[in-house]
Amino acid sequence: MADGKIVNLSGLSRDHAWALLRQMLLIRRIEEKSAELYTIGKIHGFLHLYIGEEAVAVGAMQALQPDDEIVSTYREHGHAIARGMSPASVMAEMYGKANGCSRGRGGSMHLFDVGLRFYGGNAIVGGGLPLAVGLGLANKLQGRTRVTACFFGDGAVDEGEFHESLNLATLWKLPVLFLCENNRYAMGTGLERHQSQTDIQAKAQAYSLRGEAVDGMDVLAVEAATTRAVEAIRAGGGPFLLEARTYRFRAHSMYDPELYRDKAEVEQWKKRCPVENFAATLRAAALLTEDDLKELEAGVVAQVAEAVAAAETGPWEPIEDLLKDVHTPAAGSTSRSNTLAEAHQASAVGQLPQRRLAAP
Amino acid sequence: MITMTYREAVRSGLQQALRSDERVFLMGEDVGRYGGAFACSRGLLAEFGPERIRDTPLSESAFVGAGIGAALGGMRPIVEVMTVNFSLLALDQIVNNAATLRHMSGGQLSVPLIVRMATGAGRQLAAQHSHSFEAWYAHVPGLTVLAPATNQDARGMLLASLSEPDPVIIFEHAMLYPQEAEVDEQAPPADIRRACIRKEGRDVTLITYGGSLGKTLTAAEELEPLGIEAEVIDLRVLRPLDTAAILLSISKTHRAVIVDEGWRTGSLAAEISARIMEGAFYELDAPVARICSAEVPIPYAKHMEDAALPQAATIVQVVQQLCATKD
């Protein structure tokens, strides 16, 4: 894992290599643009950037099929894009527009796309793990061979839900990939300061599931490790804990002054940049030329510009729809007057005091 | 009509749910081999097997969250949490996930999950097994909160909840489980939108739910010979509240007393009282009265526990005072 050297290129096709690079570049540029848009007040709320961790999402998604499920975290733009969500849909959501994937109800932390089987965008640390266990249970009970991939950070390992979920998924032999993105910080608390055992994959032993660590700065290593893990799960072996060791180059969120880590440490990790190093490796292997890279870069920049344009021109959801989708309207009901959803809506609307009209 | 206990009525509902829909399964602590902490699921493991009657580890957050995930994955899970007190370990999953996912995803997801739990005091189980947190759940948009007080409702409201596309929380008061009454097992699923008048009257409206219904009906009977005809409303549904039924009754009786086993501060009784003030202020001949649990952690000793809870005698006393100005 030294110096980010990516050595194993055997069997790597040019097309696939380019696809990996293009996706990582796209995520990188979208994140950079998001940061810029945040500073000029186009994006609000919390914004957690994935810069530095691109190899994990892009590598892992290669191992998943279209009907597998993904459960993600609040640092999920990279996962969403690597899964195939359109940058426009992601950007519009960050703007809070109605053409965003969650109609502007979720924002940066809550990207959802049921068509891509992308179940959020969960911003309670550790809260997504039980959901993944349940999706895995549904798959098992219905005899499907899908795998549920659950991304979470090293901070989630501190939560009881991590331990409860690993135990439950293993006990019931559920097809769940627990994918820990260990970026070494639970917000501002370093791994050594929040975990008594910093070798996260080793925790798998306690629950009798298989565990493995992989260099999260190497997209090919992540892809290979995830592929092996998913194959083992699909073969009926129950869940798997894969720990991708990575690093976030930017602050935790846009509010974070980064008082808790040295600039030198960040600079050291930046030398292992998953995007630059992969591009360099491909060039060294004659799978990519300088011109190719420029062309890829131009394509990505155009995609980001399109995404921003879609977000800029997208409509705002009308305020009249504020209470919409708290409950599900009854299916096939033409007269909605009898539904529980309607009763909820009626009960939710406050009543102003009525003056008695007639004298008593 | 068959005479059965409340717990048997719950079991009858579970049984019908499991028989009628392959997607339905029950999970929770000791629901299988043990037969359920309150024996609601006794015998179900033999009929439906361990895949559909799933014993879970003592991991409330994980198995309630797994219920949410399974619901997203096309199943119709019924999750039993032993008591509302332990449900606090799963509060994050219920409030931050089950209740939010539909709205937060822009209407893409539905979570057809049923969570059942026992609630309430009365069995000398002290301060970690006796509380009533229904109001906390009823506070949350996205949840439907039910409190069946009769055996028929215990069965019928569970079955009705199965047709709902969104999460439903069902509170079963622990003192009700041995209650015997006739149940019609052929009856269609119950209405889960409306309150119900359990006794008609013209002098005062007593509003209650769940484990307090029996005490309130007893009080109403004791008030009759005192010349006070009380109307008793069983709320049945704690969210959404059937405000119209409450206001309609008050427009007839002009007096209201709320009986609620939750603590008074920030209670359901407070919410109901506010709705009466907003919607029927000029109908009232007396201030709204509330009879709630004393604001203490529920104590163990019998005489102290009794003193902490709403009792029929207290209801009689309060109603008498309230009606003292009656013409």
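**Figure 1. Helices H1 and H8 of chain B in contact.** Helix axes are lines fitted to C-alpha atoms over the stretch in contact, and angles run from 0 to 180 degrees between N-to-C directions. In this predicted model, the axes of helix H1 (residues 6-20) and helix H8 (residues 151-161) of chain B cross at roughly 25 degrees and come within 8 Å. Angles under 35 degrees count as roughly parallel, so H1(B) is roughly parallel to H8(B). The crossing of H1(B) past H8(B) is right-handed. From H1(B), the contact takes in B:Tyr6, B:Ala9, B:Val10, B:Ser12, B:Gly13, B:Leu14, B:Gln16 and B:Ala17. From H8(B), B:Asn151, B:Ala154, B:Arg155, B:Leu158 and B:Leu159 take part. Sorted by class, the contact of H1(B) with H8(B) holds eight nonpolar residues, four polar residues and one charged residue.

**Figure 2. The side of chain A that touches chain B.** Contacts between the chains involve 45 residues of chain A and 45 residues of chain B. On the side of chain A, the elements that give two or more residues are strand S2 (118-121), helix H5 (128-141), helix H6 (160-171) and helix H12 (340-348). Of these, H5(A) gives the most, with ten residues. The residues on this side of chain A comprise 20 nonpolar, 17 polar and eight charged.

**Figure 3. A six-stranded open sheet in chain A.** The strands of this sheet follow the order S2-S1-S3-S4-S8-S7 (chain A), and their pairing is parallel. Strand S2 and strand S7 (210-215) of chain A each have a single partner strand and stand at the edges, so one side of each has no neighbour in the sheet. On average, neighbouring strands of the sheet are turned by 15 degrees against each other, direction ignored. Strand S2 of chain A also gives two or more residues to the side of the chain that touches chain B.

**Figure 4. Strands S3 and S4 within the sheet of chain A.** Six bridges join strand S3 (residues 148-153) and strand S4 (residues 176-182) of chain A, which pair in the parallel sense. A:Gly153 has A:Glu181 as its bridge partner in S4(A).

Figure 5. A:Lys173 lies in the loop between H6 and S4 of chain A. The phi of A:Lys173 is positive, about 50 degrees, although this residue is not a glycine. Helix H6 of chain A, at one end of this loop, is among the elements that give two or more residues to the side of chain A that touches chain B.

**Figure 6. A cis peptide bond in chain B.** The bond from B:Arg239 to B:Pro240 is cis, and its omega is near 5 degrees. B:Pro240 belongs to the loop between strand S12 (237-239) and helix H10 (243-253) of chain B.

**Figure 7. Each chain as the setting for the close-ups.** Chain A has twelve helices and eight strands. The radius of gyration of chain A is 22 Å, close to the 21 Å that the globule rule gives for 360 residues, so chain A is as compact as a globular protein of that length. A box of roughly 90 × 50 × 40 Å along the principal axes is filled by the C-alpha atoms of chain A. Chain B has 13 helices and 14 strands. The C-alpha atoms of chain B fill a box of roughly 65 × 45 × 40 Å along the principal axes.

Conventions. Residues are numbered from 1 along each chain as its sequence is written. Chains are lettered from A and ligands numbered from 1 in the order in which they are written. This is a predicted model: local features need pLDDT of at least 70, side-chain atom pairs count only at pLDDT 80 or more; totals for chains, interfaces and linings use all residues. Two residues are in contact if their C-beta atoms, placed from the backbone, lie within 7 Å. Helices (H or I, at least four residues) and strands (E, at least two) are DSSP runs, numbered from the N terminus. Ala, Val, Leu, Ile, Met, Phe, Trp, Tyr, Cys and Pro count as nonpolar, Asp, Glu, Lys and Arg as charged, and the others, Gly among them, as polar. Two strands pair if DSSP finds at least two bridges between them. Angles under 35 degrees count as roughly parallel, over 145 as roughly antiparallel, 65 to 115 as roughly perpendicular and the rest as oblique. A crossing is left-handed if the near helix is turned anticlockwise from the far one by less than a right angle, and right-handed if clockwise. The radius of gyration is taken over C-alpha atoms; the globule rule is 2.2 Å times the number of residues to the power 0.38.
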